[in-house]
Amino acid sequence: MESISVFEIIKVGIGPSSSHTMGPWNAAAAFIRIIKRERSIDEVKEVFLEFFGSLAKTGIGHGTDIAGMLGLNGEDFKTIDTTKIDEKVEKIKTSQILNLGGEKEIPFIYGHHLVLNMEKSLDYHPNGMIFKAIFEDGTELVQDFYSVGGGFIMSQEKKSIQKHCVRTLYPCHKSSDIVKYCDKLGFNRVSDLILINEESWRTQEETRQEALYIWQQIKECIYKGVNKEGILPGGLNVTRRAAGMNRKLLGDKIYKNKEEWFQLVVDAEENFTNINKWIACFALAVNEENASFGRIITAPTNGASGVIPAVLMYSQAFTPFTSEDDIVRFLLVAGEIGTLFKKNATISAAMGGCQAEVGVSSAMAAAGLTEILGGSVGQVLMAAEIAMEHHLGLTCDPIKGLVQIPCIERNTMGAIKAITAANIALESDPTKAKVTLDEVIQTMWETALSMSDRFKETSEGGLAIAVNVPEC
């Protein structure tokens with residue numbers, strides 16, 4: 001089994017969805033690379049893109065069509081000016097011209113060259129798409145892709161679209177592997193093991209710098225979110241709430257930048273109600289940014305991107321464990337727990353419902369927090385198990401296909417559950433636990449397989465049909 005770096009699970013992304021925005025964007029970029037490998041961009045006459053299943057049914061709300069166009073247009077979601085997205089998309093639609101790979105202008109008519117097929121699903125995975133290039137000589141190049149969660153893509157021919165396969169020194173494909181290698185190496189902390197394994201991709205210093213970069217991006221995203229008022233895009237007319245909460249919690253205090261703001265949070269009154277509200281505020285801020293095509297940290301998905309930032313920010317603002325080492329350890333452990341779910345279950349709501357997104361992120365955050373609060377190896381894994389155990393069966397039923405209701409609030413609940421799970425684990429003896437993390441991951445996968453497709457990001461069940469929202 002292929003090893004996965006923690007920074008493939010926790011990484012810079014763009015809203016509103018890792019599977020429905022980042023995945024199609026990555027697929028479009030991959031298709032450009034295939035064209036260049038097989039032929040030449042200059043030989044392309046037309047390109048067609050068809051989305052199926054969940055990608056089609058909730059595609060407009062998730063910006064799937066936008067991702068496909070911009071990806072084919074040669075844009076990179078890691079670097080694109082997010083304030084220019086609407087402008088770039090409108091230019092493609094009105095001019096009916098696409099700059100393929102940023103190199104050649106070709107005709108592109110929305111609704112003809114890009115289609116959302118809501119009547120058909122591809123057999124391999126519910127998040128399917130097919131790209132087709134027609135060359136000047138009349139020949140064609142066709143490629144299927146499947147967005148499997150967290151921005152990862154696959155094809156039927158190749159199980160995963162990765163640059164290369166990596167096997168770590170101490171492969172951890174199950175939580176039992178973590179226990180085994182920590183015992184073998186005499187490690188009392190899970191992060192010590194993960195740091196060694198990450199050397200398969202980069203040096204320890206580079207790993208440390210990447211983790212601290214992620215932390216800075218998290219702070220930046222939360223800061224943006226707590227300073228933006230208004231209505232989220234998409235037609236539901238959802239009002240941003242993080243800014244209002246931030247304002248009430250800080251009272252008349254004034255700040256000029258994110259460092260001054262953060263210090264005010266640290267100095268805020270530490271009672272249960274205030275801390276609880278701050279945690280909710282952090283999560284709301286991130287997910288409101290995510291819902292409006294903001295740049296966020298995918299962890300492990302965009303729909304669940306507020307949980308880990310909220311819990312990590314909580315640890316830095318309201319616990320004594322605030323060193324850079326603590327931040328690095330938190331993210332290493334959280335990311336590793338995410339890899340276990342990806343390998344043995346799923347991190348795609350289209351495959352497993354919201355348990356695969358907010359549930360997984362809560363388990364990741366619980367483990368990371370337990371690690372820096374001094375938990376043993378067993379307690380870290382126990383915290384992850386507790387968090388997931390109490391998300392089992394959680395459906396994905398976004399109203400109008402938007403990552404807003406109930407998704408934004410679910411992140412606040414996932415964060416609180418993660419903190420509660422960590423506190424329970426720290427006061428428990430893991431040797432007396434009746435359920436292991438591996439068992440709960442298997443149970444989550446079995447639950448996913450049994451779950452009706454109506455509750456797997458299709459907007460055909462649950463709140464998505466129970467709440468009548470008129471079309472705009």
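This is a predicted model: local features need pLDDT of at least 70, side-chain atom pairs count only at pLDDT 80 or more; totals for chains, interfaces and linings use all residues.
Helices here are DSSP runs of H or I with at least four residues, strands are runs of E with at least two, and both are numbered from the N terminus.

Residues are numbered from 1 along each chain as its sequence is written, and side-chain values use heavy atoms, leaving out hydrogens and water.

1. Do look at the two cis peptide bonds described here. One joins Gly15 and Pro16, with omega about 5°. Another joins Ile405 and Pro406, where omega is about 10°. Pro406 sits in the loop between helix H17 (377-389) and helix H18 (407-426).

2. E1 pairs with strand E9 (residues 295-298) in the antiparallel sense over four bridges; two strands pair if DSSP finds at least two bridges between them. Within this pairing, Gly13 is opposite Ile296 of E9.

3. Now to the open sheet, which has five strands in the order E5-E2-E6-E7-E8 and mixed pairing. E5 and strand E8 (152-154) are at the edges with a single partner strand each, so one side of each has no neighbour in the sheet. From one strand to the next the twist averages 25°. The antiparallel pairing of E6 with strand E7 (residues 140-149) has seven bridges, and Met129 stands opposite Phe145 in E7. Helix H2 (residues 18-38) packs on the sheet, touching E2, E6, E7 and E8, and its direction makes about 150° with that of E7. Helix H5 (residues 64-72) also packs on the sheet, where it touches E2, E5 and E6, with a direction at about 155° to that of E2. Contact means heavy atoms within 4.5 Å.

4. Which strands does E2 pair with, and in what sense? E2 runs antiparallel to strand E6 (residues 128-135), joined by seven bridges, and Val47 has Ala133 as its bridge partner in E6. With strand E5 (residues 114-117), E2 pairs in the parallel sense over four bridges, and Leu49 stands opposite Leu114 there. Seven of the nine residues of E2 are buried, so the strand is largely enclosed by the rest of the structure.

5. Val44 lies in E2, which spans residues 44-52, and is buried at 0% relative accessibility. Leaving aside residues up to four places away in sequence, Val44 touches Ile35, Leu100, Lys104, Ile106, Ala133, Ile134, Phe135 and Glu136.

6. Two packed helices are described by the angle between their axes and the distance between the axes. The axes are lines fitted to C-alpha atoms, for helices over the stretch in contact, and angles run from 0 to 180 degrees between N-to-C directions. Helix H9 (residues 204-225) and helix H14 (residues 324-344) have axes that come within 9 Å and cross at roughly 90°. That makes H9 roughly perpendicular to H14 (under 35 degrees counts as roughly parallel, over 145 as roughly antiparallel, 65 to 115 as roughly perpendicular, and the rest as oblique). The contact includes Trp215 of H9 and Leu331 of H14.

7. H12 and helix H13 (residues 307-318) pack with axes 8 Å apart at an angle of about 140°, and are therefore oblique to each other. Among the contact residues are Trp278 and Phe282 of H12, with Met313 and Tyr314 of H13.

8. Asn287 is in helix H12 (residues 272-291). Is this residue buried or exposed? Asn287 is buried, with a relative accessible area of 1%.

9. Gln96 has a positive phi, near 55°, in a residue other than glycine, and is partly exposed at 37% relative accessible area. Asn237 also has a positive phi, about 60°, without being a glycine, and counts as exposed at 56%.

Note on methods:
Buried means under 20% relative accessible area, exposed over 50%, partly exposed in between (1.4 Å probe, protein chains only).
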